[in-house]
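Student: I would like to go through this structure step by step. Could we begin with how its strands are joined?

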Amino acid sequence: MSKRKLRMGMVGGGKDAFIGAIHRIAANMDGLIELVCGALSIHEDVAKESGKMLFLPEDRTYTSYEQMIAAEAKMPADKRMDFVTIVTPNFAHFAPAMLALDNGFNVVIEKPVTFTLDEAKQLKKKVEETGLMLLLTHTYSGYPMVKEAKQIVKSGVLGKVRKIYVEYHQGWLSKLSEREGNAQAAWRTDPKKSGKSGCMGDIGTHAAHLAEYISGLKITQMCASLNTVVEGRLLDDDGAILLRFEGNATGTLSASQVAAGEENALKIRVYGENGGLEWAQQEPNTLTLRWIDKPAQTIRAGSNYTSWESTYATHNCRTPGGHPEGYLEAFGNLYRNLALTLSAKLNNEEPHKEWLDFPGIDDGIRGMAFIDNVVASSQSDKKWTDYVIN
């Protein structure tokens with residue numbers, strides 16, 4: 001158990017930044033972490049104003065991540081930050097992460113982990129060299145019923161996994177919002193800031209990670225089709241993939257940000273020889289099991305009436321049954337597991353197995369490889385033939 005709060009620094013995430021605020025709420029949820037410093041914007045005035053809004057000391061409100069990491073590294077051990085959270089756009093992940101690790105700081109980083117697969121591999125080498133920790137915020141793996149689903153598949157009761165269907169549909173980019181003053185849309189659809197893929201890099205990676213996390217199977221082959229639906233957009237905003245997994249399982253992945261009217265419709269179904277399971281992010285407390293030879297089963301987060309509920313699920317539940325737990329709590333679970341694991345490490349204690357269950361650099365590498373492979377598959381001219389009617 002932690003003997004003190006862990007001290008967090010933040011790169012990016014200043015005022016009006018969406019994901020930075022989410023990270024701060026999640027980190028603060030269990031009282032295990034406190035924000036002590038930040039380089040919150042590349043714009044000096046925004047950085048300073050953001051620091052004041054968050055009640056950071058002026059001497060720990062920095063105007064660049066280089067300045068922050070150098071200054072924090074010189075502080076005594078009982079004052080300097082323990083880890084840095086990086087919440088910048090994709091192209092600005094790698095450099096601050098590497099510098100933080102080089103200076104002895106653990107890292108939390110938004111996904112995708114880097115801008116390129118090569119950068120991700122370099123980052124893994126640095127993590128291994130330093131022995132430090134890295135948390136990659138694949139948020140959806142923090143939900144209790146997602147962890148329950150993983151344990152059910154692992155137990156073997158569904159039998160050998162045969163089919164995996166995962167979809168992530170949004171509608172917020174149904175118009176050319178990047179040309180209408182939407183800052184989030186502007187950088188996410190800019191290949192210089194987001195990378196070689198838009199929709200698949202942004203939310204397709206979440207869907208792929210969820211499929212591998214729950215099933216325990218790695219993707220081995222794919223047949224992808226990426227689309228740019230909105231005229232004038234520079235990156236894909238829609239796509240679908242046929243997938244092959246280890247163990248001869250097959251499936252599909254669909255991701256779209258032009259599904260007009262959809263909010264955040266992430267859903268997964270996994271089918272084995274004996275039955276299947278289904279989970280949807282917009283109804284996160286519910287996990288449905290369907291059996292080939294008996295009635296369907298509904299498992300609810302926080303319940304104590306079923307033998308299915310695993311220690312991984314109960315560890316990540318915060319409220320009594322019937323009280324909704326959602327995105328912020330799932331995010332908080334990632335931070336709590338990191339904090340408990342890091343505190344155990346600092347105290348020379350052995351972390352519990354449930355604490356260690358959070359995404360790391362290997363997940364980041366698979367995410368970058370997923371992006372590369374999806375784009376390559378979609379650009380290939382070898383996988384489709386014309387539908388001919390003679």
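Predicted model: local features only at pLDDT ≥ 70, side-chain atom pairs only at ≥ 80, totals over all residues.

Student: Which residue is the bridge partner of G276 in strand 12?

Tutor: The partner of G276 is R290 in strand 12.

Student: In what order do the strands of the open sheet come?

Tutor: The open sheet is formed by eight strands in the order 7-8-9-6-10-11-12-13, and their pairing is mixed. Its edge strands are strand 7, residues 219-227, and strand 13, each of which pairs on one side only. From one strand to the next, the twist averages 15 degrees.

Student: Which strands does helix 6 lie across?

Tutor: Helix 6, residues 144-155, lies across strand 6, strand 10, strand 11, strand 12 and strand 13. Helix 6 runs at about 25 degrees to strand 12.

Student: And what about helix 9?

Tutor: Helix 9, residues 199-215, lies across strand 6, strand 7, strand 8, strand 9, strand 10 and strand 11. Its angle to strand 9 is about 150 degrees.

Student: Let us change topic to strand 1. Is strand 1 buried or exposed?

Tutor: Six of the six residues of strand 1 are buried, so this strand is largely enclosed by the rest of the structure. Both of its faces are covered: L6, M8 and M10 are buried on one side, and R7, G9 and V11 are buried on the other.

Student: How many bridges join strand 1 to strand 2?

Tutor: Six bridges join them, and the two strands run parallel. One of the pairs is M10 with G38 in strand 2. Between these strands the chain passes through helix 1, and this β-α-β crossover is right-handed.

Student: How many bridges does strand 1 have with strand 3?

Tutor: Four bridges join strand 1 to strand 3, residues 83-86, and these strands also run parallel. Here G9 has V84 of strand 3 as its bridge partner.

Student: You mentioned helix 1. Where does H23 lie, and is H23 buried or exposed?

Tutor: H23 lies in helix 1. Its relative accessible area is 0%, so H23 counts as buried.

Student: What is H23 in contact with, beyond its neighbours in sequence?

Tutor: Leaving aside neighbours within four places in sequence, H23 is in contact with M10, T85, V87, V108, E110, T137, F331 and Y335. Among these, M10 is one of the buried residues of strand 1.

Student: Now helix 4, please. Which of its residues are buried?

Tutor: In helix 4, residues 94-102, the buried residues are F94, P96, A97, M98, A100 and L101. Their cover includes helix 3, strand 3, strand 4 and helix 5. Just after helix 4, G104 takes a positive phi of about 90 degrees.

Student: What about K48 and E44?

Tutor: Their side chains meet in a salt bridge at 2.9 Å, N to O. Both residues lie in helix 2, four residues apart, which is about one turn of the helix. K48 is partly exposed at 42% relative accessibility, and E44 is partly exposed at 46%.

Student: Which residues are linked in a network of salt bridges?

Tutor: D30, R318 and R336 are linked in such a network.

Definitions and conventions:
Residues numbered from 1 in each chain as written. Heavy atoms only, no water. Salt bridge = Lys/Arg side-chain N within 4 Å of Asp/Glu carboxyl O. Buried < 20%, exposed > 50% of the residue type's maximum accessible area, 1.4 Å probe, protein only. Pairing = 2+ DSSP bridges. Axes fitted to C-alpha atoms, helices over the stretch in contact; angles between N-to-C directions. Contact = heavy atoms within 4.5 Å. Right-handed = clockwise from strand over helix to strand, strands pointing away.
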